[in-house]
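Thanks for passing this one along. Here are my notes, in numbered points, to read beside the structure.

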Amino acid sequence: GLFASIVALVVGLMVRHGYGTALADNLRRDWLDFNPAPEYWQRQFTDADRTLLRDRALHGKDRGERIVATDLLGYIADPQAGRALAELVGSARPSEAELLRPAISRILRNNDTATVAGILLWLESERSPEDPELLDEFAAHGALPVRHLRAWRHSQHPARVAMSSVARWHGANMEDAGEALAEVQHLLAGDQAARRWGVRALGGFRHAPHARVLHPFLEESDVELRLETLRALHKLTGPDTESVLARVLPLLADGTPDERQLILGIAENVGSVAVLDELLTTAKLFSVAESRQLEALIVGLGPRAIATVIHVLRNPTISCHSRTIGAHALGRIARPQLELIADDLMVTELRRAGALAGMSAFLAANLAEHHCDSVAVLQRFYHDSANEGLNYVLQLLGLTNRLPDVDLIQASIVFSSQKKIGRASCRERV
């Protein structure tokens, strides 16, 4: 009995010793990891989930719910995705076209040939929609119904002319390609709606030299036209269109989330290391999703990006958020190089954070005696800058495997800060 008790005690101590690490690993894997591989999410769908999604996509009463369910069916390559999409698009309104784009694109890019073939047959039937807004995404994938190909070229509707031009540009007849280009030039010289469709058609041509034609539209005050231009450039750009970056990168700082996503996509298409410094410098304004997109862009550049990333990491004038993105990317590209410089980076940042914290404490002491709004703002700036430096050091410790639960620690810090802010707000209200 005594021996069994001792064994149980030893086992309990071992379990307790590994509890903290296990808890951190589970939180990181199941809660704090917001960007796992797509295959991971696909494996999470059970048969019951698939049945529920089919029911919501085919028989749901809420249109938004049906659109999301259909998109998820395409995401998991469900055989019923094509049927759900056909029924949804067949009864859709033109205003729903933008919401339907992701589902249409995902299902048409599906490797299930039977599903794609069913969609193509449905498009050629009388049950397919006639509105160009709803057919635009199908046309972008080369699936414009044949009955519209010739009839729409003489239409007065710029959307129909644009879609017919794209289809004929990619055809086998050279005369049709020349006429299609002339029609798009006419659209670009028209009113606002015609220009928007002309820009979209030019992007659909996917001919890289046409990118120069779109440069003036980036300076338009109309947000929709500017966004359409970025979408078109995203389709046209590649390694041979590096000059486009000089036009789109200045829009990054003040751009909308959609514009930033497209600009980062354009930079990824071009694959130039020369703009990496500018991208990382601007990254201090990025959201979590945009930061992950930039990290993936850097990783895609491979070893060519190492020197630039190290230069950014050693530059204390660049924001900690930007340097954290660079550190994560460098850890994925060349971990030995990150481990080689990590100690120097952490010592430098800790010294800087210590100096900032000291200035913050000094100003806080003065504020206790004589309150001044400008001094309070400066004290808060020093305090936040010191915290950012400490978070950066925590990230470096985690990336070099010296602190296994760094994500849990940072989540605790953020949660604690939010509680303090909430209490301060409550005191101000009182």
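1. Let me begin with a loop. Ala 77 sits in the loop between helix H5 (63-75) and helix H6 (81-90). Its phi is near 55 degrees, a positive value in a residue other than glycine. With a relative accessibility of 39%, Ala 77 counts as partly exposed. Please keep in mind that this is a predicted model.

2. A second residue deserves a look for its backbone. Arg 206 is not a glycine either, yet has a positive phi of about 55 degrees. Its place is the loop between H13 and helix H14 (211-214). Arg 206 is partly exposed, at 48% relative accessibility.

3. Now for the overall picture. The chain has 24 helices and 0 strands. Of its 430 residues, 42% are buried. Taking contacts between residues at least 6 apart in sequence, 60% join residues at least 24 apart.

4. The axes of H6 and helix H7 (residues 97-108) come within 11 Å and cross at roughly 145 degrees, and the crossing is left-handed. From H6, the contact is made by Ala 81, Leu 85, Leu 88 and Val 89, and from H7 by Leu 100, Ala 103, Ile 104 and Ile 107. Sorted by class, this contact of H6 with H7 has 8 nonpolar residues, with no polar and no charged ones.

5. Next, the aromatic rings. The count comes to 3 aromatic pairs. In one of them, the rings of Trp 122 and Phe 138 have centres 6.1 Å apart and planes at 55 degrees, so the pair is tilted. Trp 122 belongs to helix H8 (residues 113-124) and Phe 138 to helix H9 (residues 132-140), so the pair ties together parts that are 16 residues apart in sequence. Trp 122 is buried, at 5% relative accessible area, and Phe 138 is buried too, at 0%.

6. How are the rings of Trp 169 and Phe 205 arranged, stacked or tilted? Their centres are 4.4 Å apart and their planes at 10 degrees, so this pair is stacked. The pair links distant parts of the chain, with Trp 169 in helix H11 (residues 158-169) and Phe 205 in helix H13 (residues 192-205), 36 residues apart. Phe 205 has a relative accessibility of 2% and counts as buried.

7. Arg 200 lies in helix H13, and its charged end sits over the ring of Trp 197, 4.4 Å from the ring centre. Is this arginine buried or exposed? Arg 200 is buried, because its relative accessible area of 7% falls under the 20% cut-off. Leaving out residues up to four places away in sequence, Arg 200 touches Glu 98, Arg 101, Glu 133, Asp 136 and Glu 228.

8. Arg 323 lies over the face of Tyr 392, at 4.8 Å from the ring centre.

9. Also in helix H13 is Ala 201, which counts as buried at 2% relative accessibility. Which residues does Ala 201 touch, not counting those up to four places away in sequence? They are Ala 162, Val 166 and Val 184. Ala 201 and Leu 187 are 14 residues apart in sequence, with 9.4 Å between their C-alpha atoms.

10. Finally, Ala 211 is found in helix H14. Its relative accessibility is 3%, and Ala 211 counts as buried. Setting aside neighbours within four places in sequence, Ala 211 is in contact with Leu 233, Leu 236 and Val 244. Ala 211 and Ser 243 are 32 residues apart in sequence and 9.5 Å apart in space, C-alpha to C-alpha.

Key:
Residues are numbered from 1 along each chain as its sequence is written. This is a predicted model: local features need pLDDT of at least 70, side-chain atom pairs count only at pLDDT 80 or more; totals for chains, interfaces and linings use all residues. Side-chain values use heavy atoms; hydrogens and water are left out. Rings of Phe, Tyr and Trp (its six-membered ring) pair if their centres lie within 6.5 Å; planes under 30 degrees apart count as stacked, over 60 as edge-to-face and the rest as tilted. Helices (H or I, at least four residues) and strands (E, at least two) are DSSP runs, numbered from the N terminus. Buried means under 20% relative accessible area, exposed over 50%, partly exposed in between (1.4 Å probe, protein chains only). A charge sits over a ring if NZ of Lys or CZ of Arg is within 6 Å of the ring centre and within 35 degrees of the ring normal. Contact means heavy atoms within 4.5 Å. Axes are lines fitted to C-alpha atoms, for helices over the stretch in contact, and angles run from 0 to 180 degrees between N-to-C directions. A crossing is left-handed if the near helix is turned anticlockwise from the far one by less than a right angle, and right-handed if clockwise. Ala, Val, Leu, Ile, Met, Phe, Trp, Tyr, Cys and Pro count as nonpolar, Asp, Glu, Lys and Arg as charged, and the others, Gly among them, as polar.
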